[in-house]
Amino acid sequence: MKTIKDLQKNDTAVVKRLHGEGPTKRRIMDMGITKGVEVQVRKVAPLGDPIELNVRGYELSIRKADAELIEVEE
């Protein structure tokens, strides 16, 4: 299983599945990250947290813990 956390800078992938429960999953979906959407990694902080993504035409920063819940395929 490959997640957003495993992607490198400038990698592009398509969201395959969201893991997690209740409010956490809902928050990720509210940010625009849903099944089938394309995400591009713009920047990764030196310690890997946070990760800046380009999703649906806007930039979004997510925590490493949330990135581990988003399964992708390249």
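Is Thr34 buried, partly exposed or exposed?

Guide: Happy to! This is a predicted model, in which local features need pLDDT of at least 70 and side-chain atom pairs count only at pLDDT 80 or more, while totals for chains, interfaces and linings use all residues. Residues are numbered from 1 along each chain as its sequence is written, and side-chain values use heavy atoms, leaving out hydrogens and water.

Thr34 is partly exposed, because its relative accessible area is 21%; buried means under 20%, exposed over 50%, and partly exposed in between, with a 1.4 Å probe and protein chains only. Thr34 sits in the loop between helix H1 (22-30) and strand S2 (38-44). Helices (H or I, at least four residues) and strands (E, at least two) are DSSP runs, numbered from the N terminus.

Setting aside neighbours within four places in sequence, Thr34 is in contact with Val15, Leu18, Met29 and Arg56, where contact means heavy atoms within 4.5 Å.

Arg56 deserves a look of its own. Arg56 lies in the loop between strand S3 (51-55) and strand S4 (58-62) and counts as exposed, because its relative accessibility is 53%. Arg56 is not a glycine, yet has a positive phi of about 55°. Most residues other than glycine have a negative phi.

As for strand S2, it pairs with S1 in the antiparallel sense over three bridges; two strands pair if DSSP finds at least two bridges between them.
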